[in-house]
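Here is a short briefing for a first look at this structure.

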Amino acid sequence: LAVVHKPSGYPTNGNYFKTIENTLTYNLKRSSEMDSLPYPQTVHRLDNLTSGVLVTAKTQSAKSLLSIMFEKRKVKKSYTAIVEGKPNSEGGIIESAIHQKDSKTTYQVKTSIEKHSETYTMLELWPETGRTHQLRIHLASIGHPIVGDQLYGAQKENLNLFLHATTIGFIHPKTHKRLTLKTNLPHKFRKFMDCL
């Protein structure tokens, strides 16, 4: 397997020319295992506009085992987002159905700033379910849409969506050791929060 840092602005896979999955063939060495896949394949998705850690499989067995882990919610993920305003509490749990399915997100306030007479807050997020656009929908539902999220109600226009997949933790399908992998926040986050 390989874990890559996906930049924002690119689809994970699908019927597009420029996808992360298409680039992996040229950037990752093929596995020497017997069940090697012809090219690395992603085992989960990140929205086009979301950056961060993305797990890919290089063998059929890794793909199958990782897919089961995702399905059974054995993979632990955390995200960082910058939202409009500041939640009333320093942390909390958002539980509201998405597409008639139970959904749960835990959040924690990291820091807040005043910028151009507006308040913005950096949050750490832990989705306990994996619904499409879950974090974006949940944060908008409590009145704090992610900066740049025009789809779910951001008030300020911004070409960037400030949502980043920060860490991912899972059991390695071959070594059976627990892995936790982390990426650094993109420069745009630090620049936006004036903490360069």
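The side chain of Glu84 reaches the backbone nitrogen of Gln155 at 2.9 Å. The model is predicted. Glu84 belongs to strand 4, and strand 4 also supplies at least two residues to the lining of the largest pocket.

**Glu84 and its surroundings**

- Glu84 counts as buried because its relative accessible area is 10%, and buried means under 20%.
- Which residues does Glu84 touch, leaving aside its neighbours within four places in sequence? Among them are Thr119, Tyr120, Gly143, His144 and Pro145.
- The list of contacts of Glu84 also includes Val147, Ala154, Gln155 and Lys156.

**Strand 4 and its partners**

- Strand 4 spans residues 76-84.
- Strand 4 is mostly covered, with 8 of its 9 residues buried.
- Strand 8, residues 163-171, pairs with strand 4 in the antiparallel sense over 6 bridges.
- Within strand 8, Ile168 is the bridge partner of Lys77.
- Strand 7 pairs with strand 4 as well, again in the antiparallel sense and over 6 bridges.
- Opposite Tyr79 stands Leu125, in strand 7.

**The largest pocket**

- How much space lies in the largest pocket? The volume is about 870 Å³.
- Its lining holds 27 residues.
- Arg45, Lys77, Tyr79, Gly130 and Arg131 lie nearest the centre of the largest pocket.
- Two of these names have come up already: Lys77 is bridged to Ile168, and Tyr79 stands opposite Leu125.
- Helix 2 (60-71), strand 4, strand 7 (118-127) and helix 3 (134-141) each give at least two residues to this lining.
- By type, the lining of the largest pocket divides into 10 nonpolar, 8 polar and 9 charged residues.

**The second largest pocket**

- The second largest pocket holds about 200 Å³ of space.
- Its lining includes Leu1, Ser31, Glu33, Asp35, Lys58 and Thr59.
- Ser61, Ala62, Leu65, His172, Pro173 and Lys174 also line the second largest pocket.
- Strand 3 (51-59) and helix 2 are the elements that give two or more residues to this lining.
- Helix 2 gives the most, with 3 residues.
- The lining of the second largest pocket divides into 4 nonpolar, 4 polar and 4 charged residues.

Definitions and conventions:
Residues are numbered from 1 along each chain as its sequence is written. This is a predicted model: local features need pLDDT of at least 70, side-chain atom pairs count only at pLDDT 80 or more; totals for chains, interfaces and linings use all residues. Side-chain values use heavy atoms; hydrogens and water are left out. On a 1 Å grid over the protein atoms alone, a cavity is a set of points where a 1.4 Å probe fits but cannot get out, and a pocket is an open set with protein on both sides within 12 Å along at least five of seven lines; lining residues have an atom within 4 Å of a point. Grid points are joined across faces, edges and corners, and a volume is the space filled by probe spheres set on the points. Helices (H or I, at least four residues) and strands (E, at least two) are DSSP runs, numbered from the N terminus. Ala, Val, Leu, Ile, Met, Phe, Trp, Tyr, Cys and Pro count as nonpolar, Asp, Glu, Lys and Arg as charged, and the others, Gly among them, as polar. Buried means under 20% relative accessible area, exposed over 50%, partly exposed in between (1.4 Å probe, protein chains only). A polar contact is a pair of N or O atoms within 3.5 Å; within protein, one must be able to donate a hydrogen and the other to accept it, and residues adjacent in sequence count only if both atoms are side-chain atoms. Contact means heavy atoms within 4.5 Å. Two strands pair if DSSP finds at least two bridges between them.
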